[in-house]
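Biologist: Before we discuss any contacts, could you put the model on the screen?

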Amino acid sequence: MTLRLAIIINVLLICVLGLKAQDTTVNMPITEYEHVMEQIDSLNNTVSEQKDLIKALNSQLSLKNDSIAHLSLLLFEKSDVSQNYEVTLKNFRDSLEQKDQQIESLVKQLSSLDMVRLRYANGRLQMPYDSKKIKEAIELFDGIQDTSLKNQYQEVRDWLSQYDMYMRDVNTTLSSLQCDSRRTNKFKFEDWKRFAINEINDNFYVKNSAGHQFTILYLDGIISSAKKRIQTAGSKPSVDFSDLLEQMVIK
């Protein structure tokens, strides 16, 4: 059973999720994102079984350690039968080594699942806002077992919890610029372009996200697109944010 569960974990982690033991990347391609959620429940169930197995193995290790201590005492006291005891002791030690290897393997698998949770949570920041899926991503992040890993990437959770607020904030900025009469006035269009760039740069999210390792990549893309349209526009009033505003509909 132990070997079968280990194989299941490894196949799911390597083949489906494309993880490597040394991989510390937390970004997740959009094409991979939705598929991961289909595997997360299976992984959680399997790891739960593995945790129970670890407890059982630790209990066995404790009993075997006691047995080794007893056998060592017998070896010292009964040299005439020491050969038989040495064989038994060797078997016990071999068994202990196997159990240690199993536990080490399980610990690595649990660590890999933490990375899956983290990559999924960060991947949600690359996608349109969806309250249900944001909640799922936060719950997965909160389920990370490695406290050090969770603390290191706390910023990911912070952005998830603030995604709604920042989405509305960027939406408000672009909506205001879209409704500005100067945008469609050929005599005032140049003034509008300068004003629009300043307004975007002064946006609450834009200023708060500057210099951070992790940001809401989906909003970054919208903001980048809006600025590019303004900066590359000629003298003819032609900048339109309608499609960008549609991409920020709150679900």
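Predicted model: local features only at pLDDT ≥ 70, side-chain atom pairs only at ≥ 80, totals over all residues.

Biologist: What makes the contact of R117 with D114 a salt bridge?

Modeller: The closest N and O atoms of R117 and D114 are 3.1 Å apart, and because the cut-off for an Arg nitrogen and an Asp carboxyl oxygen is within 4 Å, the pair qualifies as one of the seven salt bridges that the structure holds. Both residues belong to helix α3 (residues 82-123), where they are three residues apart, about one turn of the helix.

Biologist: Why is R117 called buried, and why D114?

Modeller: Buried means under 20% relative accessible area; R117 has 10% relative accessibility and therefore counts as buried, and D114, with a relative accessible area of 2%, is buried as well.

Biologist: How do you know that D164 and R168 are partly exposed?

Modeller: The class lies between the buried limit, under 20%, and the exposed limit, over 50%, so D164 at 24% is partly exposed, and so is R168 at 43%. Their side chains meet in a salt bridge with an N to O distance of 2.7 Å, and in helix α6 (residues 154-179) the two are four residues apart, separated by about one helical turn.

Biologist: What makes R229 and D243 a pair that ties together parts 14 residues apart in sequence?

Modeller: Their side chains meet in a salt bridge, at 2.7 Å from N to O, and R229 lies in helix α9 (residues 217-231) whereas D243 lies in helix α10 (residues 242-246), so the pair ties those parts together. R229 is partly exposed at 26%, and D243 counts as partly exposed at 32%.

Notes: Residues numbered from 1 in each chain as written. Heavy atoms only, no water. Buried < 20%, exposed > 50% of the residue type's maximum accessible area, 1.4 Å probe, protein only.
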